[in-house]
Amino acid sequence: MKTLTDDNMLHIASFLDSVDLINLAQTCRRFGSAAADTEWPRNAWECLSLVEHAAHQLIESAPTHEHNWVYKKGRTTWVEVYHELLKLRALPSFNYILGSGIRHVNKKNHVYVSLQEQYRQQQVQQAKLLIRRKRSRSISLSSSAVSCVAIGNHIMSHGVHFVQFTMTRVEKIAFGIIRPFDEYWIDENSVDCMGGFSPFESWSDMIDATSSRRKNWGESNVHCCLYKTFPGTCEWTDWETTFQTIDDWCGMQHALEGEVGLLLDLDAGTLAVYKNGRQLGVMKDGLSGEYCW
């Protein structure tokens, strides 16, 4: 080990992920004994450990749009920032499921979720009925309550983020953003939510579920915002006094099958919708702070 210079070790460390960097820091004082930088942005480099330098170099070599994901977060260590970056690079994993009628396709891989057949058929039949009535102009379109939710593990607070959902069959569901939930609240209330769950109904529960992260919400009062695949409306709430349906956003279309993409631009504060790779339009603005898919 004495024949390897710090530059050699930094090059080797550049092939490690965040967990391996932490393990490397714990092997000996040479790699992890120096105090981590607690100021933001970079200063006091003489206090950084070799592992912290390696994590910083990995972040600096990332594309500009990835810098914007994490660079303003003010994390305690560069390894923590790098860990957050790696999480945002990966596919979102929908670890938390609340309500009825939904399940993970694979218990070991939470990227894919599926509506249970009875619930799915009910939603599709409602959508087909509304389409027929819309064509005959006999009723106006109205939204139905959400009864189940899958919450992703990506916590986004800066930069531009894109996600694409693929519906393998005709579905009447909603995609969007919501404030990150406290894990302890989910653990304590998941059983109570088995009968049904909607982020638009019990506002007091939503405030309790997200209370510890409220300081990270910024100035926006948009705490949950969804694109309804049918009829294509935008629904959002502030969990206090407002629940609003926007049925005239520019480019609004329904999307009962195929691919639905969402582009969350937290620099501009907007959420845009894509249908089968084509942008429909900006559905909502005035967004800031932390959100999950």
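Is the crossing of α2 and α4 right-handed or left-handed?

Author: The crossing of α2 and α4 is right-handed. The model discussed here is a predicted one.

Two packed helices are described by the angle between their axes and the distance between the axes. Helix α2 covers residues 18-25 and helix α4 covers residues 50-60; their axes come within 10 Å and cross at roughly 160°. An angle over 145 degrees counts as roughly antiparallel, and α2 and α4 are therefore roughly antiparallel to each other. On the side of α2, the residues that meet α4 are Leu 21, Leu 24 and Ala 25, and their partners in α4 are Val 51, Ala 54, Ala 55 and Leu 58. This contact of α2 with α4 comprises 7 nonpolar residues, with no polar and no charged ones.

An α-helix has 3.6 residues a turn, so residues three or four places apart point the same way.

Helix α4 itself is largely enclosed by the rest of the structure, because 8 of its 11 residues are buried. The buried residues of α4 are Leu 50, Val 51, Glu 52, Ala 54, Ala 55, His 56, Leu 58 and Ile 59.

Helix α2 has a further partner in helix α6, which spans residues 78-89; the axes of α2 and α6 come within 9 Å and cross at roughly 155°. That angle makes α2 roughly antiparallel to α6. Here Ser 18, Leu 21 and Ile 22 of α2 meet Val 79, Tyr 82, His 83 and Leu 86 of α6. By class, the contact of α2 with α6 divides into 5 nonpolar and 2 polar residues, with no charged ones.

The wider setting is as follows. The protein chain holds 9 helices and 12 strands, and 45% of its 293 residues count as buried. Among contacts with a separation of 6 or more, 65% join residues 24 or more positions apart. The largest nonpolar core has 48 residues, and Leu 264, Leu 271 and Trp 293 have the most contacts inside it. A second, separate core of 17 residues includes Val 149, Ile 178, Met 206 and Ala 209.

Some single residues complete the picture. Met 283 lies in strand β12, residues 278-284, and is buried, with a relative accessible area of 4%. Beyond its neighbours within four places in sequence, Met 283 has contacts that include Cys 225, Trp 249 and Leu 271. Met 283 and Cys 225 are 58 residues apart in sequence, yet their C-alpha atoms are 9.4 Å apart in space.

His 223 is placed in the loop between α9 (203-210) and β7 (224-228). At 4% relative accessibility, His 223 counts as buried. Its contacts outside the four places on either side in sequence include Ile 178, Trp 217 and Trp 239. Trp 239, in turn, is found in the loop between β8 and β9 (243-246). Although Trp 239 is not a glycine, its phi is positive, at about 60°, and the residue is buried, with a relative accessible area of 2%.

Asn 276 also has a positive phi, near 50°, in a residue other than glycine. Its place is in the loop between β11 (270-275) and β12, where Asn 276 is partly exposed, with a relative accessible area of 46%. Finally, a cis peptide bond with omega of about 10° joins Phe 230 and Pro 231, and Pro 231 is in the loop between β7 and β8 (234-237).

Note on methods
Residues numbered from 1 in each chain as written. Predicted model: local features only at pLDDT ≥ 70, side-chain atom pairs only at ≥ 80, totals over all residues. Heavy atoms only, no water. Axes fitted to C-alpha atoms, helices over the stretch in contact; angles between N-to-C directions. Helix = DSSP H or I, 4+ residues; strand = E, 2+ residues; numbered from the N terminus. Parallel < 35°, antiparallel > 145°, perpendicular 65-115°, else oblique. Left-handed = near helix turned anticlockwise from the far one by under 90°. Contact = heavy atoms within 4.5 Å. Nonpolar A, V, L, I, M, F, W, Y, C, P; charged D, E, K, R; others polar. Core = buried A, V, L, I, M, F, W, Y, C linked by side-chain atoms within 4.5 Å. Buried < 20%, exposed > 50% of the residue type's maximum accessible area, 1.4 Å probe, protein only.
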